[in-house]
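Here are my notes on the charged pairs and one of the strands. Have the model open while you go through them.

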Amino acid sequence: MNPSSTPPGAAARPLGVLAALPQELGDLIATMQAESGVVTRTLGRRDYHLGAVHGVPCVVTLARVGKVAAAATVSALIHVFDVEAVVFTGVAGGVGPDVHVGDVVVGETLLQHDMNAEPLFPRHEIPLLARSRFDADRALADALAAACERFVAEEGVALAARFSAALPRFETALPAVHRGLVISGDQFVASAVAVGALRAALPDALAVEMEGAALAQVCYEYEVPCAVVRTISDTADEHASTSFSSFLTDIASTYSTGILRRFLVSYRPAQR
Ligand code: ADE
């Protein structure tokens, strides 16, 4: 028997699904309500919603913003709710040269760009863990990327028509799905100078956000598989806050809904 499959008669452990802001969760809680009903537990000023979504037992919650918030939330998911894996969904600033607003980035590796204990430890290294990069679970990242590709193939044209004002590039190109390094820090990056410094320090970074690498560190420490998917809301430059705000209202939720639905419909715990 695959050791990660559920023995007959045993309750399946839930999947943890989280985002920083409500718009980034899409229709997940409403879908849970319609499918199984929702049991909500409040803990540490957060609401954890328990139920089934597209047949998958889930605990869905909002971390709020930043690395501490993400670490505290994922710690509760692991220790209180016994999740078997964690998926983080949301938006990010594009950093890679070919990463555009409306594209999607699936994290393969995550790093905290603001960790710097030099000269005691190399830049970006987490002291006493002897590493700076934390890997997403390969099977989860593959499944998320496949869900993103299906979302773009099935809804890309309609997205381009519906959001043409915010996504003018899509008149000629569909959103791309990228995989690679996602970097996290406790800053909203919003200047050419700041994003240029990140590119110089971390040339392989694709996207910048404020939670993913903290979650990945906690999941590494407790050996819980995790994955991160981010839709690009801005390019972390002087236009970032305007682009982020208009993207968040409508578009972020449409992406999360479409990606998570395709991911959960084909989610199989024993795949991992
Ligand atoms: N999330 C979305 N855009 C971001 C940015 N520019 N910096 C940090 N986090 C983000």
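1. A word on burial before anything else: buried here means under 20% relative accessible area, exposed means over 50%, and partly exposed is in between (1.4 Å probe, protein chains only). This is a predicted model, so local features need pLDDT of at least 70 and side-chain atom pairs count only at pLDDT 80 or more, while totals for chains, interfaces and linings use all residues. Residues are numbered from 1 along each chain as its sequence is written, and side-chain values use heavy atoms, with hydrogens and water left out.

2. How many salt bridges does a search of the whole structure find? There are twelve, where a salt bridge is a side-chain nitrogen of Lys or Arg within 4 Å of a carboxyl oxygen of Asp or Glu. Helices (H or I, at least four residues) and strands (E, at least two) are DSSP runs, numbered from the N terminus.

3. Start with R230 and E24, a salt bridge whose closest N and O atoms are 4.0 Å apart. The pair links distant parts of the chain, 206 residues apart: R230 is in strand 10 (residues 226-234), and E24 is in the loop between strand 1 (15-19) and helix 1 (28-35). R230 is buried, at 1% relative accessibility, and E24 is buried too, at 2%.

4. Now look at D204 and R133, whose closest N and O atoms are 2.8 Å apart in their salt bridge. D204 is partly exposed at 38%, and R133 is partly exposed at 31%.

5. R138 and D142 form a salt bridge at 3.4 Å, N to O. They sit four residues apart in helix 3 (residues 138-162), so about one helical turn separates them. R138 is exposed at 60% relative accessible area, whereas D142 is partly exposed at 32%.

6. Finally, strand 1: is it covered on one face or both? Both: L15, V17 and A19 are buried on one side, G16 and L18 on the other. Strands count as paired if DSSP finds at least two bridges between them. Strand 1 runs parallel to strand 4 (residues 56-62), with five bridges, and L18 has T61 as its bridge partner there. Strand 1 also pairs in the parallel sense with strand 5 (residues 85-94), over four bridges; in strand 5, V86 is the bridge partner of G16.
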